[in-house]
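The following exercises are to be worked with the sequence and the coordinates at hand. Each task is followed by a solution in steps.

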Amino acid sequence: MRKQIVAGNWKMNNDLAQTQALISDLKKQNQTSDAEVMIAPAFTNLWSAFESLRQQPIEVVAQNMHFASNGAYTGEVCAAMLKSIGVSTVILGHSERRAYFNETDELLAKKVDAALANDMRVIFCFGEELADRKSGNQEQVVKSQIKNALFHLEASAFKQIILAYEPVWAIGTGETASPEQAQDMHAFIRKTLSDKCSSAVADGVSILYGGSVKPDNAKEIFSKPDVDGGLIGGASLKAEDFFAIVNAF
Ligand code: PGA
């Protein structure tokens, strides 16, 4: 049985005090589902978040990292630094990284390799833009994003990969893919993985949906057989909303 996962991507929100306040609100919530819960605060708040959540079933994950193991990369953070503060999962390939920081599939392949070499899990994000969907190219785009960044990996590496399908047109826009659109794409992604590796590998990989998931639409999206959870942006910044989504399973 693959894992159900709900991860909150806080993006560039919350300073230290706000991070602590939100974590204290999160601790007051009651989890009724079996989903694995993760939050991704900004780099500056990872250590404090990790310390505060030591005894809690909420994993603290990073939003990004560099591919090199150390060295002259001003402003960057590497896998070993994350590992040293207890962070062992990293989000890679978010559409905002691709769009605003020019992250390409080729760069992301290197980042994925670095994360795996450091025994980290990767939440690998990808998804088509509105123009791709309008022209009916969404499957082609998604397949090439996955292929270019992940298909050099051994089948066994997929145990450490979590996929997050996030159609760019649905991120932060209030517009969500319909549960059917999400299911169709997730089934396509699983088939792509099955063709590349095996159905056993494909069946074991959790595929999250991201893009304007809210308490009022999570249940329907999560009810689809190939949707194994969500990567949540805006709604992860309020503890009650985030846990309403966690408990939507
Ligand atoms: P959103 O963001 O939930 O605010 O649309 C999702 C994401 O960017 O991961």
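This is a predicted model: local features need pLDDT of at least 70, side-chain atom pairs count only at pLDDT 80 or more; totals for chains, interfaces and linings use all residues.

**Exercise 1. Cysteines**

Task: Explain why Cys 125 and Cys 197 are not bonded to each other, and classify the exposure of each.

Solution. 
- Step 1. For Cys 125, the nearest cysteine sulfur belongs to Cys 197 and is 19 Å away.
- Step 2. A disulfide requires two cysteine sulfur atoms within 2.5 Å. The sulfur of Cys 197 is 19 Å from that of Cys 125, its closest cysteine sulfur, and is therefore too far away for a bond.
- Step 3. Cys 125 has a relative accessibility of 1%, so this residue counts as buried.
- Step 4. Cys 197 has a relative accessibility of 23% and therefore counts as partly exposed.

**Exercise 2. Aromatic pairs**

Task: State how many aromatic pairs there are, then describe the pair formed by Trp 47 and Phe 50 and the pair formed by Phe 126 and Tyr 165.

Solution. 
- Step 1. The count of aromatic pairs is seven.
- Step 2. Helix α2 (residues 46-52) holds both Trp 47 and Phe 50, which are three residues apart, about one turn of the helix. Trp 47 has a relative accessible area of 41% and is therefore partly exposed.
- Step 3. Phe 126 and Tyr 165 form a tilted pair, with 6.4 Å centre to centre and 40° between the planes.
- Step 4. Phe 126 belongs to strand β5 (residues 121-126) and Tyr 165 to strand β6 (residues 161-165), so this pair ties together parts that are 39 residues apart in sequence. Phe 126 and Tyr 165 are both buried.
- Step 5. Phe 126 and Tyr 165 also belong to a cluster, linked by ring pairs, that includes Phe 124 and Tyr 209.

**Exercise 3. Charges and salt bridges**

Solution. 
- Step 1. Arg 97 places its charged end over the ring of Phe 101, 4.1 Å from the ring centre.
- Step 2. Arg 97 also forms a salt bridge with Glu 103, in which the closest N and O atoms are 3.0 Å apart. Glu 103 has 6% relative accessibility, so Glu 103 counts as buried.
- Step 3. Another charge over a ring involves Lys 110, which lies over the face of Phe 67 at 4.5 Å from the ring centre.
- Step 4. The count of salt bridges is 16. One of them joins the side chains of Lys 28 and Asp 25 at 3.5 Å, N to O. Lys 28 counts as exposed because its relative accessibility is 63%, whereas Asp 25, at 30%, counts as partly exposed.
- Step 5. Glu 180 and Lys 224 form a salt bridge with their closest N and O atoms 3.5 Å apart. This pair links distant parts of the chain, 44 residues apart: Glu 180 is in helix α8 (residues 179-196), and Lys 224 is in the loop between α10 (215-222) and β8 (229-232).
- Step 6. Glu 180 is partly exposed because its relative accessibility is 42%. Lys 224 is partly exposed as well, with a relative accessible area of 21%.
- Step 7. A network of salt bridges links Arg 2, Arg 190, Asp 226 and Asp 228.

**Exercise 4. The ligand**

Solution. 
- Step 1. The ligand is surrounded by 13 residues, the closest being Lys 11, His 94, Glu 166, Gly 172 and Ser 212.
- Step 2. Glu 166 contributes a polar side-chain atom, 2.6 Å from an oxygen atom of the ligand.
- Step 3. Ser 212 contributes a polar backbone atom, at 2.7 Å from an oxygen atom of the ligand.
- Step 4. Gly 234 has a backbone N or O atom 2.8 Å from an oxygen atom of the ligand.

**Exercise 5. A leucine in a helix**

Task: Where does Leu 116 lie, and is Leu 116 buried or exposed?

Solution. 
- Step 1. Leu 116 is part of helix α5 (residues 105-117).
- Step 2. The relative accessibility of Leu 116 is 17%, so Leu 116 counts as buried.
- Step 3. Leu 116 and Ser 88 are 28 residues apart along the chain, and their C-alpha atoms are separated by 9.9 Å.

Conventions: Residues are numbered from 1 along each chain as its sequence is written. Side-chain values use heavy atoms; hydrogens and water are left out. Rings of Phe, Tyr and Trp (its six-membered ring) pair if their centres lie within 6.5 Å; planes under 30 degrees apart count as stacked, over 60 as edge-to-face and the rest as tilted. Helices (H or I, at least four residues) and strands (E, at least two) are DSSP runs, numbered from the N terminus. Buried means under 20% relative accessible area, exposed over 50%, partly exposed in between (1.4 Å probe, protein chains only). A charge sits over a ring if NZ of Lys or CZ of Arg is within 6 Å of the ring centre and within 35 degrees of the ring normal. A salt bridge is a side-chain nitrogen of Lys or Arg within 4 Å of a carboxyl oxygen of Asp or Glu. A residue is near a molecule or strand if one of its heavy atoms lies within 4 Å of it. A polar contact is a pair of N or O atoms within 3.5 Å; within protein, one must be able to donate a hydrogen and the other to accept it, and residues adjacent in sequence count only if both atoms are side-chain atoms.
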